[in-house]
Amino acid sequence: MTFSDIFKSSFLENITSVSILDMVLAIVLAFGIGLFIFLVYKKTFQGVMYSSSFGVTLIALTMITTVVILAVTSNVVLSLGMVGALSIVRFRAAIKEPLDIAFLFWAIAVGIVLAAGMIPLAVIGSVVIGVILLVFVNRKSHSNPYIVVLQCENHESETNAKEYLEMRTQRCVVKSKSAQKGEIELNLEVRLKDDDTDFI
């Protein structure tokens, strides 16, 4: 093998398989849409502790997926090797919020679609998904239920207490009841009017 054969190798020919313009455009768009996904995640987060690192991961994941798929689409042999390499990778990070899985798949899907050259699908699809998440996740569909533990002396006081609760709450349902001599204990699920608990 001579020095000129090295420069004629297929390895060096792969450098020009994806144009610089395509690479820059795909990575910039991946960053822009990844940033949009991050902002939607920030607006719709409803967990206990907000993780900014997960939001940054969404941006990075969109860009990394774009780079990987650009490489795969330019070379069939590389695509087979990439499948083999990625099949041995295992991720052990626990997903605490079910909605986080949707954001992860969204970021990966955008990266794949962008690298495949379907830019309108990636942009329009992301906008539609973002609007749907903003509308439905932040919408308060029902009031939170509360449990009232009630101790009564007899059946008459039990009936009076239940009638009073039904009058002061939106909804009142008996969940459990235990009775013994001289005491009746009720567990009731109530939905409050305007989160007002003063009547208790």
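Buried means under 20% relative accessible area, and exposed means over 50%, with partly exposed in between. The views below come from a predicted model.

**View 1. E189 and R171 form a salt bridge.** Their closest N and O atoms are 3.6 Å apart. The pair links distant parts of the chain. E189 lies in strand β3 (residues 183–191), and R171 lies in strand β2 (residues 171–180). R171 has 41% relative accessibility, so R171 counts as partly exposed.

**View 2. K175 also meets E189 in a salt bridge.** Here the N to O distance is 3.7 Å. K175 sits in strand β2 and E189 in strand β3, 14 residues apart. K175 counts as exposed because its relative accessibility is 53%.

**View 3. R191 pairs with E189 in a salt bridge.** The closest N and O atoms are 3.9 Å apart. Shared partners join R171, K175, E189 and R191 into one network of salt bridges. The structure as a whole holds 4 salt bridges.

**View 4. The largest nonpolar core has 16 residues.** I37, L58, F103 and W106 have the most contacts inside this core. Four helices each supply at least two of its residues: α3 (20–44), α4 (52–74), α6 (98–115) and α7 (119–137). Helix α6 gives the most, with 6 residues.

**View 5. I37 touches residues that include L58 and F103.** Leaving aside residues up to four places away in sequence, I37 also touches T62, W106, A107 and V110.

**View 6. A second, separate core has 12 residues.** Among them are C172, L188, V190 and F199.

Methods:
Residues numbered from 1 in each chain as written. Predicted model: local features only at pLDDT ≥ 70, side-chain atom pairs only at ≥ 80, totals over all residues. Heavy atoms only, no water. Core = buried A, V, L, I, M, F, W, Y, C linked by side-chain atoms within 4.5 Å. Buried < 20%, exposed > 50% of the residue type's maximum accessible area, 1.4 Å probe, protein only. Contact = heavy atoms within 4.5 Å. Salt bridge = Lys/Arg side-chain N within 4 Å of Asp/Glu carboxyl O.
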